Amino acid sequence: MLTTIGFDADDTLWHNESFFRLTQDRFVELLADHAPVDHLNDRLLEAERRNLGRYGFGVKGFTLSMIETAIEVTEARVSAGVIAEILAAGREMLAHPVDLLPHARAAVEAAAGTHKVILITKGDLLDQERKLAASGLGDLFHAVEIVSDKTPAVYARLFCRHGDGAERGVMVGNSLNSDVLPMLAAGGHGVHVPHGPVWALDHAEPPEAAPRFHELPDLSGLPALLAALDGANTSS
């Protein structure tokens, strides 16, 4: 039977990407006199892609990429006032209240009643710790892992550390690219729970033919899915 259930955090348990989109809209407004909207968005995406290996995922890397893009598109003529507003926008993101998604608490509580549950998230260490504490969900998890990236090797290691290996584990998340595909490659089950806009650098196509791929419209269906998977494993 399944022994370990992993949950992603951002946009799986609480809202996140929408705040990045709002901040990006604010960034575009600040630089509207220097470049068209599409050009600014494209240049910012290029900077984010370029900087992932330097700054990692999260608000701080995003803020630095906005500043870098502002300097580039203005040929270093961006004002100190605009830079200050970009920094203020980043600070606002880091202080934003945590808003749980529907059924998040119930899903984690139900999973914790029958399996070992772990939170596996990537991003800024301090920001992820803050959001988990503010969510009120921290006590439900048997373990919390904040990683620099999510790969098959990372999932294999974490599900061995906290369970009986990826083969007897499930990873639940909104990102096909980060939560589902690498977990499937590690030998486990991947449950995709789509939510809101998808970051361009996180896009992936669903692996429809993969037998351990599952998709739910929201987290309310997770307890029934886990019960069905446990039943199928028992009968087999």
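Guide: What follows describes the helix packing and then the loop. The model is predicted, so local features need pLDDT of at least 70 and side-chain atom pairs count only at pLDDT 80 or more, whereas totals for chains, interfaces and linings use all residues. Residues are numbered from 1 along each chain as its sequence is written, and side-chain values use heavy atoms, with hydrogens and water left out.

The helix in question is H4 (residues 80-94); helices (H or I, at least four residues) and strands (E, at least two) are DSSP runs, numbered from the N terminus. The axes of H4 and helix H3 (residues 59-73) come within 10 Å and cross at roughly 165 degrees. Axes here are lines fitted to C-alpha atoms, for helices over the stretch in contact, and angles run from 0 to 180 degrees between N-to-C directions. H3 and H4 are therefore roughly antiparallel, a label for angles over 145 degrees. The crossing of H3 past H4 is right-handed, meaning that the near helix is turned clockwise from the far one by less than a right angle.

On the H3 side, Val59, Phe62, Thr63, Met66, Ile67 and Ala70 are in contact (heavy atoms within 4.5 Å) with Ile83, Ile86, Leu87, Gly90, Met93 and Leu94 of H4. This contact comprises 10 nonpolar, 2 polar and no charged residues. In this classification Ala, Val, Leu, Ile, Met, Phe, Trp, Tyr, Cys and Pro are nonpolar, Asp, Glu, Lys and Arg are charged, and the others, Gly among them, are polar.

H4 also packs against H1: their axes come within 11 Å and cross at roughly 170 degrees, which makes H1 roughly antiparallel to H4. Here Phe19, Phe20, Thr23, Arg26, Phe27 and Leu30 of H1 meet Val82, Glu85, Ile86, Ala89, Glu92 and Met93 of H4. By class, the H1 contact has 8 nonpolar, 1 polar and 3 charged residues.

The loop between strand E1 (4-7) and helix H1 (17-30) contains aspartate 10. Aspartate 10 counts as buried because its relative accessibility is 14%, buried being under 20% relative accessible area (1.4 Å probe, protein chains only). Its side chain makes a polar contact of 2.9 Å with the side chain of lysine 131; such a contact is a pair of N or O atoms within 3.5 Å, one able to donate a hydrogen and the other to accept it within protein, and residues adjacent in sequence count only if both atoms are side-chain atoms.

Key:
Angles under 35 degrees count as roughly parallel, over 145 as roughly antiparallel, 65 to 115 as roughly perpendicular and the rest as oblique. Buried means under 20% relative accessible area, exposed over 50%, partly exposed in between (1.4 Å probe, protein chains only).
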